[in-house]
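Me: I am new to reading protein structures, and I would like to learn how to look at strands, sheets and cores. Could you take me through an example?

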Amino acid sequence: MTEQTTIDAETPQPSPPPAPPRFGRAARITTTVAATVALAGVAIGYVQLTSSATTPEAPATAQTVSLAPAPRLLTLTSTGQVTTVGKDNPGGTRAVSKTKCDRIYAAARTVACLYADGILGTVSMRILDADLKERKAIPVSGIPNRVRVSTSGRMVSWTAFVGGDSYATLNFATRTGIYDTKTGTLFKTLETFDVIKDGKPYQSVDVNYWGVTFTDDDNTFYATLYTKGHRYLVQGDFAARTVRTLRDHVECPSLSPDGTRIAFKAPINGDSTKGWRLSVLDLATNKVTRTAETRSVDDQAAWLDNSTLAYVQQHDDGTKDLWTVPSDGSGKPKLLLRNAHSPAALG
Amino acid sequence: MYLSSIDRPTADDPSPPQHSGRRGLALVGGNVFALGTVSLVTDISAEMVTAILPAYLVLGLSFSPLAYGMIDGIYTGATAVLRLVGGYVADRIRTPKWVAGTGYAMSAVAKLGLLAAGRSAGAIGLVIAVDRAGKGLRTAPRDALITLSAPPHALGRAFGVHRAMDSVGAFLGPLAAMAVLAAAGQVLDAVLVTSFCIAALGVLILVLFVRDRHDDRPATTPVSPRDVAELLRAAPIRRLLLAACLLGFAVIGDGFVYLLLQRREDIALGWFPLLAVGTSLTYLLLAIPIGALADRIGRLPIVLAGYAALCAVYLLLFGPLHGWPLLAVALALYGFFYAATDGVLMALAGPVLPEHLRTTGIALIQTGQALAYLASSVLFGLAWQLWGPLTASRLAAAVAVLAVVATALLLINRSTTTSDTEVTA
């Protein structure tokens, strides 16, 4: 106390007279008020403009949408409405439902619909039946990214993004969960699983998973594990809660229906900032085949049959188109459906 | 609503204010309220964007997992250097206000830049770099202006007021973003445009209402790099810088603290952001009272108490408490840590630094602290990987104890000499 009073007495006063103001107080306040009104006008005007320019939703068609096994292709429209088209006639009539999802996948009457109710709203992993009635909803945090169902319809997995935790950083994390519809076992994140990396136990705070794909035994799965700048293909054992790394530079694996190959995104020249080449790994020979799609693909591809991959390409205006390409590296990419993403062959 | 308070204290009064009869917040001075208002408005704008940025990049632009992880960290070094340059320039041209204003303007323009960058990853990276550079540029001159705008014995309170107003902005930002999204039918572009308008208003308030420093001394020779070297030769300043680095090294980062709390208590991931909210709320409520307390009983004990609280938080991560008591105590201590250290350390540093090199000195201390923190968070990650989170957090607590003891040895009983230096500087 005493010490501080002496400082005060000795120190020159740090708030000396201000420079003569160019503006009087009234002028400054008037300017501020006028600018506030003008800026508010700009903001409100822009908000009004964008809200009226929002893409209108497609009206639901009279035809009911059923996701039961049938030779149909399930997709979402750009606004997220659930639709189906005939697998052999994708240009034919598209059945459109009112139900909306951000990502969808379905198999054997289990429908996994990852849905965010507004951009900052709640996100849930909705598990629906073939008639789109809800069986279970699991709250999820983050932004919907990937979703898969095992061929039997028993296992469901999803990936969501979680943004940086602080205003100073822009770190992304992913959270990948698995739900067993038969036993009710739920893992909201795989980060508690034990990791065997290059044959040795491994732990690191930056472990992140995304893009699960299941095998037919409903226990073994493949996924991408990120740590220290590497994106490994891992094979997981759900019952044992373990994963082990298989190879580097593999993202968003998707197992072929016959279980012999994995379609994935291969970072171009090992650098994901340059984009991804859609490629196929043969699990028996470890041979990688690059597909004929030379544009960058950022999607977890879906197998329409044992030789055809479907994936999304996004235009600069945000609309999405669905493309197919043969999995053996032959042929050319073909446009399958406009205004569509999140494909799954229902049968 | 703050405009009336900005103008209250002696805007056109040529004589120095008499504070014998004035108490409480009036002591802090109008310029601090003006700077606080600028920070409040700017933080609303910044946090609006922070709230939607992940959704914007991922849902709006379809970026894939961790495509942007690399952005983090790269700029930390660059902004550290820029902060030093900004501090030096502010002292050399003797106008911290305009250097800070440039920083605020850069961040405002970046909001529109994000819109213009479209889907180009390179352009988005560049825009975010500009935004961070703006933040790096403005922090030191702004804090220097605060130290020059309030009497030395009320600096703790002045920083408390500023940081509290800053936190209010950070609170309102996400709410504003939600309101805009509701009105605009979930169109993210509308948030960016609104955020720009709010940031522009912040720059305008700075230009119109914040008064620049006023030098009593005539501008004989401009500040030269030699003066900066001299700054480092002064023992009290060197001790302060060393202490700031030591204290920075004791911090492992919010991310790790919240992650360990979340794992310990198995908090549903949806509640995860509330950990940060709990900390900010404590910070917001305590910033002014603790700043005032620091003015009364001394700033160094408060800073040391803050780091002691941090050490307690590290120990609690694997301590005896469980459930809600653990969360309540840990977040209260963590918020107290921020309230007792962030602004109070600047209030401690301000009077030690000579006025003509105030911004450079503050930039130096903040940069030292930031780089030490960066090193410590990397090492903590490494320790986690090698020995697991329990050992890593115990190590962090040990480092915090060492930092507190070393800082106490460096700075206690020297406070008289530091104030002597200030007077003769």
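Me: Which residue is the bridge partner of Gln314(A) in β24(A)?

Reply: Please keep in mind that this is a predicted model. As a general idea, the strands of a sheet pair through backbone hydrogen bonds, in either a parallel or an antiparallel way. Here the bridge partner of Gln314(A) in β24(A) is Lys320(A), and the two strands concerned, β23 (residues 308–314) and β24 (residues 320–326) of chain A, pair in the antiparallel sense over seven bridges.

Me: In what order do the four strands of this open sheet stand?

Reply: The order is β22-β23-β24-β25 in chain A, with antiparallel pairing. Because β22 (302–305) and β25 (334–337) of chain A are at the edges and have a single partner strand each, one side of each is left without a neighbour in the sheet. From one strand to the next, the twist averages 40°.

Me: Which way do the residues of β1(A) point, and are they buried or exposed?

Reply: In a regular strand, side chains alternate between the two faces of the sheet. In β1(A), Arg72(A), Leu74(A) and Leu76(A) point one way while Leu73(A) and Thr75(A) point the other way, and all are buried. Since five of the five residues of strand β1 (residues 72–76) of chain A are buried, this strand is largely enclosed by the rest of the structure.

Me: Which strands are joined to β1(A) by bridges?

Reply: Five bridges join β1(A) to strand β2 (residues 81–86) of chain A, running antiparallel, and in this pair Leu74(A) stands opposite Thr84(A). The two strands form a hairpin with four residues between them, and Gly80(A) in the turn has a positive phi of about 95°. Strand β26 (residues 341–345) of chain A is also antiparallel to β1(A) and joined to it by three bridges, with Leu76(A) opposite His341(A).

Me: How many residues does the largest nonpolar core have, and where does it lie?

Reply: The largest nonpolar core has 225 residues, and Ile104(A), Val191(B) and Tyr307(B) are among those with the most contacts inside it. Helix α2 (residues 30–60) of chain B gives the most to this core, with 17 residues. Domain 1 (3–7 + 26–209) and domain 2 (225–424) of chain B both give residues to this core, so it lies between them. Leaving aside neighbours within four places in sequence, the contacts of Tyr307(B) include Leu247(B), Thr341(B) and Ala400(B).

Technical notes:
Residues are numbered from 1 along each chain as its sequence is written. Chains are lettered from A and ligands numbered from 1 in the order in which they are written. This is a predicted model: local features need pLDDT of at least 70, side-chain atom pairs count only at pLDDT 80 or more; totals for chains, interfaces and linings use all residues. Two strands pair if DSSP finds at least two bridges between them. Axes are lines fitted to C-alpha atoms, for helices over the stretch in contact, and angles run from 0 to 180 degrees between N-to-C directions. A nonpolar core is a set of buried Ala, Val, Leu, Ile, Met, Phe, Trp, Tyr and Cys residues joined through C-beta atoms within 7 Å. A residue is buried if 20 or more other C-beta atoms lie within 10 Å of its own, exposed if 12 or fewer, and partly exposed in between; C-beta atoms are placed from the backbone. Domain bounds come from an automatic or database domain assignment. Two residues are in contact if their C-beta atoms, placed from the backbone, lie within 7 Å.
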